[in-house]
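I opened my notebook to keep a friendly record of what I looked up. Here are my entries, in the order I made them.

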Amino acid sequence: MSATSVQLPDLQFNISGLFKGPLGGTRSYELRVPVSELDQLDEGFDVSQPLEGSVRLLRTNETVLARLRGAMAVQLECGRCLERFEAELDIAVEEEFHPSVDVLTGRPFHDTGDDAALVIDEHHILDMSEVVRQAILLELPLSPLCREDCAGLCPVCGANRNFEACMCAQEATNLRWVGLSALIDPQTDEK
Ligand SMILES: [Zn+2]
Ligand SMILES: [Zn+2]
């Protein structure tokens, strides 16, 4: 699984220094992952602004707690009017990563059956690419709207009602009146 997923250099952190330091030690990083990199993560989203924020790593007894906070933007298609628009996404990730080898001795740990996305590789690289990919997918709206009150497309002529007022609704109303008067008129005539 980890072999097929894309690994982004900007989301990889070498934790060997952290593990040589004291328990509770931390490292903080400024984060800026370019659009071209983020777009490789998944075909399910179309990134338009880089991910900017920060990452903080905390060494626990046997693991590293990784905390990422950031913001980025994607291009979405409105479900009502089909126009493309840009949506900002807040990305927040908090995960516990497990080393696969002992940093000090180089001895491999037993495979504990941990989620592959949360395993620090034998070169002491903690890779957040997969957890960030999942966080982005979670943030995507299920039914994107370019704005709360998007008026959508006219089902008759296809005009985008946000930009142009077509006459279809007007004509439908007129037709209804014609129908009504046709029902009423013959009876009134008889009297
Ligand atoms: Zn719309
Ligand atoms: Zn219309």
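**Entry 1: two loop residues**

I began with leucine 82, which sits in the loop between strand E4 (64-77) and strand E5 (84-99). I noted that helices (H or I, at least four residues) and strands (E, at least two) are DSSP runs, numbered from the N terminus. The phi of leucine 82 is near 65°, a positive value in a residue other than glycine. I wrote a reminder beside it: most residues other than glycine have a negative phi.

Is leucine 82 buried, partly exposed or exposed? Its relative accessibility is 48%, so leucine 82 counts as partly exposed. The cut-offs I used are these: buried means under 20% relative accessible area, exposed means over 50%, and partly exposed is in between (1.4 Å probe, protein chains only).

Then I turned to histidine 124, which is not a glycine but has a positive phi of about 65°. I found histidine 124 in the loop between strand E6 (119-120) and strand E7 (125-127). Histidine 124 has 17% relative accessibility and therefore counts as buried.

**Entry 2: what I am looking at**

I must remember that this is a predicted model, where local features need pLDDT of at least 70 and side-chain atom pairs count only at pLDDT 80 or more, while totals for chains, interfaces and linings use all residues. Residues are numbered from 1 along each chain as its sequence is written, chains are lettered from A and ligands numbered from 1 in the order in which they are written, and side-chain values use heavy atoms, with hydrogens and water left out.

**Entry 3: the whole protein**

How many helices and strands are there in the protein? I listed four helices and seven strands. Read from the N terminus, the elements run β-α-β-α-β-β-β-β-β-α-α.

The protein has 191 residues, and 34% of them count as buried. I also looked up contacts (heavy atoms within 4.5 Å). Among the contacts with a separation of 6 or more, 57% are between residues 24 or more positions apart.

The accessible surface comes to about 12000 Å², and carbon and sulfur atoms hold 51% of that. Such areas come from the Shrake-Rupley method with a 1.4 Å probe; for residues, only the protein chains shown count as cover.

**Entry 4: one aromatic pair**

I found one aromatic pair in the structure. Phenylalanine 13 and tyrosine 29 form this pair, with 4.8 Å from centre to centre and 45° between the planes, and it is tilted. By the rule, rings of Phe, Tyr and Trp (its six-membered ring) pair if their centres lie within 6.5 Å; planes under 30 degrees apart count as stacked, over 60 as edge-to-face and the rest as tilted.

The pair links distant parts of the chain, with phenylalanine 13 in strand E1 (residues 12-14) and tyrosine 29 in strand E2 (residues 26-33), 16 residues apart. Phenylalanine 13 is buried at a relative accessible area of 5%, whereas tyrosine 29 is partly exposed at 26%.

**Entry 5: the zinc ions**

Which residues coordinate the zinc ion (ligand 1)? They are Cys78 (SG), Cys81 (SG), Cys146 (SG) and Cys150 (SG), at 2.3 to 2.4 Å. Donors are N, O and S atoms within 2.8 Å of the metal (3.2 Å for Na, K and Ca), and water is not among the atoms, so sites may look incomplete.

In sequence, the donor residues of ligand 1 are spaced C-x2-C-x64-C-x3-C. Cysteine 81 lies in the loop between E4 and E5 and cysteine 150 in the loop between helix H3 (129-139) and helix H4 (168-190), so this pair ties together parts that are 69 residues apart in sequence. Cysteine 81 is buried, with a relative accessible area of 4%, and cysteine 150 is buried, with 4%.

The zinc ion (ligand 2) is coordinated by Cys154 (SG), Cys157 (SG), Cys166 (SG) and Cys168 (SG), at 2.3 Å. I wrote the spacing of these donor residues as C-x2-C-x8-C-x1-C. Cysteine 154 counts as buried at 3% relative accessibility, but cysteine 166 is partly exposed at 22%.

**Entry 6: helix H3**

Last, I looked at H3, where Ser129, Glu130, Val131, Val132, Ala135 and Ile136 are buried. Their cover includes helix H2 (35-38), strand E3 (47-59), E4, E5 and E7.
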